[in-house]
Amino acid sequence: MKYHTLIELKVDAPVAVLDALSDQLAEALYDLHDVIDPDLGATLTTGRLDVSMVVEADTLEAALTKAATATRAAVHAVGAATPGWEDLIREIGAEAKALTDA
């Protein structure tokens, strides 16, 4: 089954740094394998990054895990760290919705 996922990240960095980082992160997301249509939205003034993608998984939980793992891999690919990720991801926000054929 295909799921559309959204992971909201909060980055504490100056706007110029966040602007450059968001460009790099978007590129890293596009380089990922096993995800469909990755996209990144950003509100630079607040440090909010929205990472969305479609993933194939058997369950909602598996879809969220797959999306979170892919997002974390992209964050690491741009040289950023994710200490305490497992605890923070629940506070920041993640959601997945099953897609249906039109």
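1. Surface. The chain exposes about 6,200 Å², and carbon and sulfur atoms supply 53% of that area. Of the 102 residues in the chain, 36% are buried. The model is a predicted one, and the values below should be read accordingly.

2. Overall order of elements. The chain contains three helices and four strands. Along the sequence they follow the pattern β-α-β-β-α-α-β. Among contacts with a separation of 6 or more, 66% are accounted for by residues 24 or more positions apart.

3. Helix H1. This helix spans residues 15-30 and has 16 residues. Its first and last C-alpha atoms are 23 Å apart, close to the 22 Å expected at 1.5 Å a residue. Which residues of H1 are buried? They are Leu18, Leu21, Ser22, Leu25, Ala26, Ala28 and Leu29. These residues lie on the same side of H1, because they cover an arc of only 160° around the axis. An α-helix has 3.6 residues a turn, so residues three or four places apart point the same way.

4. Surroundings of H1. The buried residues of H1 pack against strand S2 (36-43), strand S3 (48-56) and helix H2 (60-77). The face turned away from the buried side carries the exposed residues Ala16, Glu27 and Tyr30.

5. Strand pairing. S1 and S3 run antiparallel and are joined by nine bridges; in this pairing Leu6 stands opposite Ser52 in S3. S2 and S3 also run antiparallel, with six bridges between them, and Ile36 stands opposite Val54 in S3. The hairpin of S2 and S3 has four residues between the strands, and Gly47 there takes a positive phi near 80°.

6. Ser52. Ser52 lies in strand S3. Is this residue buried or exposed? At 15% relative accessibility, Ser52 counts as buried. Leaving aside residues up to four places away in sequence, Ser52 touches His4, Thr5, Leu6, Asp37, Pro38 and Asp39.

7. Val55. Val55 is also found in strand S3 and is buried, with a relative accessible area of 0%. Again without residues up to four places away in sequence, Val55 touches Met1, Lys2, Tyr3, Thr5, Val35, Ala63, Lys66 and Ala67. The C-alpha atoms of Val55 and Lys66 are separated by 7.2 Å, although the two residues are eleven apart along the chain.

8. Salt bridge between Lys66 and Asp34. How many salt bridges does a search of the whole structure find? It finds three. In one of them Lys66 pairs with Asp34, the closest N and O atoms being 3.0 Å apart. This pair links distant parts of the chain, with Lys66 in helix H2 and Asp34 in the loop between H1 and S2, 32 residues apart. Lys66 is partly exposed, with a relative accessible area of 24%, whereas Asp34 is exposed, at 57%. Side chains of opposite charge can pair when their charged atoms come close.

9. Salt bridges of Arg48. Arg48 forms a salt bridge with Glu8, with the closest N and O atoms 3.5 Å apart. That pair also connects distant parts of the chain: Arg48 is in strand S3 and Glu8 in strand S1 (residues 2-10), 40 residues apart. Arg48 forms a further salt bridge with Asp50, where the closest N and O atoms are 2.8 Å apart.

10. Arg48 counts as partly exposed at 34% relative accessibility. Glu8 is partly exposed as well, with a relative accessible area of 23%. Asp50, at 22% relative accessibility, likewise counts as partly exposed. These values lie above the cut-off, since buried means under 20% relative accessible area.

Terms used: Residues numbered from 1 in each chain as written. Predicted model: local features only at pLDDT ≥ 70, side-chain atom pairs only at ≥ 80, totals over all residues. Heavy atoms only, no water. Helix = DSSP H or I, 4+ residues; strand = E, 2+ residues; numbered from the N terminus. Expected span 1.5 Å × (residues − 1). Buried < 20%, exposed > 50% of the residue type's maximum accessible area, 1.4 Å probe, protein only. Arc of directions from axis to C-beta. Contact = heavy atoms within 4.5 Å. Areas by Shrake-Rupley, 256 points an atom, 1.4 Å probe, with all protein chains shown as cover. Salt bridge = Lys/Arg side-chain N within 4 Å of Asp/Glu carboxyl O. Pairing = 2+ DSSP bridges.
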